[in-house]
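Biologist: Could you take me through the aromatic pairs and the helix packing here, step by step, once the structure is in view?

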Amino acid sequence: MRARTRTGLGVLAAGVASVLLAGTASAAPTPGAPGVGDSYYPNAGNGGTDVLHYDIRLTYQPATDVLSGTTTLLLTATQDLSRFDLDFALKASSVLVNNRPAQFANQNGNGELVVTPAQPLLKGQTATVVVAYSDTPSTEKVDGLNAWKKGSFGALGVDEPQSSAWWFPANDHPTDKATYDVSIEAPDDNVAVTNGTLVRTTKQRAGWTRWQWRSTKPQATYLTSFIVGKYELNQATTPDGKPFISAYGSDLGDSLYAAKASVERTPEIDAFLATKFGPYPFEAEGGVVTSGIGFSLENQTRPTYGARNFAAGSNTTLIAHENAHQWFGDNVSLGRWSDIWLNEGFASYAEWLWSEHEGEGTVAELAQYTYDSNPADGDLWKLVPADPGADNQFDNAVYDRGALTLQALRTAVGDEAFFKILQAWQVQKGGSNGRIQEFIALAEKVSGKPLYDLFQTWLYTAGKPAVGPNGASPAAFTARAASVKPQSFDQIQANHRNLAAEHKH
C-alpha cells in the first residue's frame, strides 16, 4: 500500500508538472499567420494584428520611379506575438517596433515582410511600428503581378484587390480598416492626390511640394490611393459643407470636358444616392480622372476613373456606380473576397436607380431587358455571383446578375422593405465589413419574409432563373422590354466591360 501510495504521488506530481509545463508552453508567444484565411488570396492580410492607423510619409521622384520614406503603423496585437507579417512588395531598410530595432525579412516574391520585434507583443498591447524604405515600385512583383502604374501620366497606386503593397506596408485585407495620414512630397510641377481632406501643402525645399491628406473614417487598404502626376486640381465645397476635390490629368485631350461634366456632378449624385441608401458616410467627396487606367475604382471619398470611360462623352452612370461603392464596399466592406457581390451587385443596381432618376430607363425596364436579352445558354448565367472564383471575380455575372438579384429581392419584399434593408445594412455594418449570409439574414429579418429560395436561385445556382426579376410580369410588358432597349443600357454595359477588363486578379 505504501509503495503504491508513493507511486501514485509520484505520478500525480509528474502530472501536475506536465500540466504546468503545458500551460507555460501554450502561453508562449507565437507567430502571426501570414494571411487572414481568405480562400481567394491566401496571403492577403495577416493574423495577430489589428491596424488602427497609418501615418505614411513619402517622397516620390517621377523621373526615376523611386519612392522613399517611412510608414508608421499603430497596431494592436490580437494574440501574444513572437513575430508578425506585413503585406509589402518593396524592400524595407529598417524596422522599429516600439522604438527598438526589429529583425525583418523581405520574402522574395510573395509580398510578405516578416517582422520579429526585440520583445514579443502581448495580446491587447498597442505597438508603434516604423518601416523605412526606398525602392522602385515598378520593378517589384507579388506572385508574379505588379499593380503599380507608371507612365506619362505619372504614377498610380490604384488597383483591386491589391495595390497598397507597392507603396506602403499594411495588413492588406478589407477586414482590417484603419484611419490614415498620408503625406507625399513630389516635384512642384506634379500634384499628389489620395483620400480624405487636404490638410495643407508645404514647400520644405526648393523645387518640391509636400501634400498632406487625412482620412478620419475606417478605410480599407485597397481603397487608399497614390496618385502623383501632372493634374489640374480643383477644390470646392459641397452644398452640405464637405470638401469636394477633383483632379484631371493634363493629357485627357478631347475627354477632358466630358470627364468634368460627369465628375463635377458627384455631390448631386451622392445626394440622390443618400435618399436610397442613407446618409453619405464620409467626410469628403471627389474624383480623379487619369489616362493611366482603363477601369475605375471606388477609392474612398475620391474614386479614380479611367479616361477611356469618357471618350464617347459624359458618363454619369459610372459616377453613380463608383459613388454607390462609398456605401457598398467602402463603408461596409466585404468580409471575404468571395463576397464581391456585396460590392458590385449593389453599385450596378445604383446605375439603374440613377438611370431611372434621369429618365433614361427605369430599374424595372433595365432589369427586364438584361434578363430577356441574355439567352438561357448565355455566359451571364454560367457563374454564380455568390462565389465566382478569384479568376472571375469581376465577371459580368457579378455586375449584371448581381443587380438582377437585388431587383428580384425588391419585387419579393416591396419598395419600402427593400430600401429599409439597404439602409439597415449601412447602420448595422457601417465602418466594418459584412458577409453575404449576414445580408440575407438581415433581409429576412427586416422584411419578415423567407428569402432562402430567392437567394439560392439568383445568387447560388448556375442557370437562368425561370421567373424574371420583376416576377411573373404580363406577357405584353416582357415583349416590350425585350424589344425596346433602355437608353442607358449600352452605356452601363460599357462601364461593366471597362471595370472588368483591367482589374488585377
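Modeller: This is a predicted model, and the structure holds 31 aromatic pairs.

Biologist: How are the rings of Tyr 60 and Phe 226 arranged, stacked or edge-to-face?

Modeller: The ring centres of Tyr 60 and Phe 226 lie 5.5 Å apart, with 85° between the planes. Since planes over 60 degrees apart count as edge-to-face, the pair of Tyr 60 and Phe 226 is edge-to-face.

Biologist: How many residues apart in sequence are the parts that this pair ties together?

Modeller: Tyr 60 is buried at 0% relative accessibility, and Phe 226 is likewise buried with a relative accessible area of 0%. Tyr 60 belongs to strand 2 (residues 49–61) and Phe 226 to strand 16 (residues 226–229), so the pair ties together parts whose separation in sequence is 166 residues.

Biologist: Which helices hold Trp 341 and Phe 439?

Modeller: The rings of Trp 341 and Phe 439 have centres 5.8 Å apart and planes at 75°, so this pair is edge-to-face. Both Trp 341 and Phe 439 are buried. The pair links parts of the chain 98 residues apart, with Trp 341 in helix 5 (residues 341–357) and Phe 439 in helix 9.

Biologist: Is helix 8 oblique or perpendicular to helix 9?

Modeller: The axes of helix 8 (residues 415–429) and helix 9 (residues 436–447) come within 9 Å and cross at roughly 130°. That angle makes helix 8, relative to helix 9, oblique.

Biologist: What is the handedness of this crossing, and how many residues of the contact are nonpolar?

Modeller: The crossing of helix 8 and helix 9 is right-handed. The residues of their contact include 2 polar and 3 charged ones, while the nonpolar ones number 9.

Methods: Residues numbered from 1 in each chain as written. Predicted model: local features only at pLDDT ≥ 70, side-chain atom pairs only at ≥ 80, totals over all residues. Heavy atoms only, no water. Axes fitted to C-alpha atoms, helices over the stretch in contact; angles between N-to-C directions. Helix = DSSP H or I, 4+ residues; strand = E, 2+ residues; numbered from the N terminus. Parallel < 35°, antiparallel > 145°, perpendicular 65-115°, else oblique. Left-handed = near helix turned anticlockwise from the far one by under 90°. Nonpolar A, V, L, I, M, F, W, Y, C, P; charged D, E, K, R; others polar. Phe/Tyr/Trp six-rings, centres within 6.5 Å; stacked < 30°, edge-to-face > 60°. Buried < 20%, exposed > 50% of the residue type's maximum accessible area, 1.4 Å probe, protein only.
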